Amino acid sequence: MAAGKCERLVATGHPDYPPFSWRDPQNPQRLIGAQADLLEHLGKELGVRIEMLYNRSWDKAQEEVRSGRIDLLAGAALTLVDLETMDYVYPPIFSRAKVVWVRRLASFPYIEWADLRERRGAMASSDFAPAFDEFAKANLSLEQGASLTQLFQKLMLGEVDYVLHEREPGQALAYTLGMQDDLLALSPPISSEGLYLSLSHNSACNDPWLRGQLAKKMTELAAAGLPEDLLQRNLLRWKEQRLRPASASNQ
């Protein structure tokens with residue numbers, strides 16, 4: 001097997017997106033989470049050291065990768081603009097699923113969007129698929145403008161019937177608020193999109209060998225069911241960090 005150009009790759013991702021990625025309280029210069037664990041696993045498989053570094057914002061992280069100052073971006077949505085500056089690795093091993101959150105004791109039958117009619121809903125952001133946005137404007141009563149914490153609290157008080165938000169980040173916040181046993185994410189998702197690993201066109205390490213090996217290993221790991229295992233492990237890790245003092249080790 002041909003060797004790649006680089007023995008070390010630098011990656012980054014969203015600094016506040018548990019369980020996918022968040023700042024390590026024990027080492028603030030790096031990120032931890034499911035994405036970081038995946039990259040560590042990939043690095044071992046390829047014989048390449050991959051470090052996942054903290055950037056102060058998601059916009060800054062993307063800018064660093066576009067410029068080539070950082071090689072890899074974890075958790076990138078597929079956009080036409082970024083195709084001009086990054087190579088996306090297929091398949092996406094994680095996905096961003098937007099779901100209907102309800103109180104477990106006040107759940108209701110849900111199979112399709114129309115089941116949300118005549119119910120009071122809320123969402124913290126309107127970043128959904130265009131088809132759902134059109135449906136919502138015409139058919140749903142959706143409150144906006146509050147934080148997800150405020151919306152989950154309103155849901156618990158019965159002031160709204162459901163909240164629309166991402167599944168895994170919603171689970172992480174539910175742990176933070178102590179609501180994990182009271183809230184339920186319904187299926188199927190409202191919408192879902194892949195979260196990709198992307199490699200900067202300007203990275204000195206970007207070569208056909210590396211792109212091919214990343215795609216091969218990602219395909220193998222997805223087939224082995226690793227993504228779900230990493231997400232569940234890091235939800236537990238996030239929960240444990242919330243429960244122990246900041247000075248305690250999280251390892």
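Mentor: Let us begin with the word strand, which here is a DSSP run of type E with at least two residues, numbered from the N terminus. Keep in mind that this is a predicted model.

Trainee: What makes residues 16-17 a strand, E2, and where does Pro19 lie?

Mentor: A strand needs at least two residues, and E2 spans 16-17. Pro19 lies in the loop that leads from E2 to strand E3 (21-23).

Trainee: Why is Pro19 called buried?

Mentor: The cut-off for buried is under 20% relative accessible area, and Pro19 has 0%, so the label applies. Leaving aside neighbours within four places in sequence, Pro19 is in contact with several residues, among them Gly33, Glu168, Pro169, Leu231 and Leu235.

Trainee: How far is Pro19 from Cys6, which is 13 residues away along the chain?

Mentor: Their C-alpha atoms are separated by 29 Å.

Trainee: How do you know that Cys6 and Cys205 form a disulfide?

Mentor: The sulfur atoms must be within 2.5 Å, and for Cys6 and Cys205 the S to S distance is 2.0 Å, which meets that limit. A search of the whole structure finds 1 disulfide. The pair links distant parts of the chain, with Cys6 in the segment before E1 and Cys205 in the loop between E11 and H6, 199 residues apart.

Trainee: Why is this disulfide called left-handed?

Mentor: The torsion about the S-S bond of Cys6 and Cys205 is about -100°, and therefore the disulfide is left-handed.

Trainee: What makes E1 and E6 a pair, and in which sense do they run?

Mentor: Pairing requires at least two bridges, and strand E1 (residues 8-12) and strand E6 (residues 72-76) have 2 bridges, in the parallel sense. In E6, Leu73 is the bridge partner of Thr12.

Trainee: Why do E5 and E9 count as the edges of the sheet?

Mentor: The sheet is open, with 8 strands in the order E5-E1-E6-E11-E7-E10-E8-E9 and mixed pairing. Strand E5 (49-53) and strand E9 (141-143) each have a single partner strand, so one side of each is left without a neighbour in the sheet. From one strand to the next, the twist averages 25°.

Key: Residues are numbered from 1 along each chain as its sequence is written. This is a predicted model: local features need pLDDT of at least 70, side-chain atom pairs count only at pLDDT 80 or more; totals for chains, interfaces and linings use all residues. Side-chain values use heavy atoms; hydrogens and water are left out. Helices (H or I, at least four residues) and strands (E, at least two) are DSSP runs, numbered from the N terminus. Axes are lines fitted to C-alpha atoms, for helices over the stretch in contact, and angles run from 0 to 180 degrees between N-to-C directions. Buried means under 20% relative accessible area, exposed over 50%, partly exposed in between (1.4 Å probe, protein chains only). Contact means heavy atoms within 4.5 Å.
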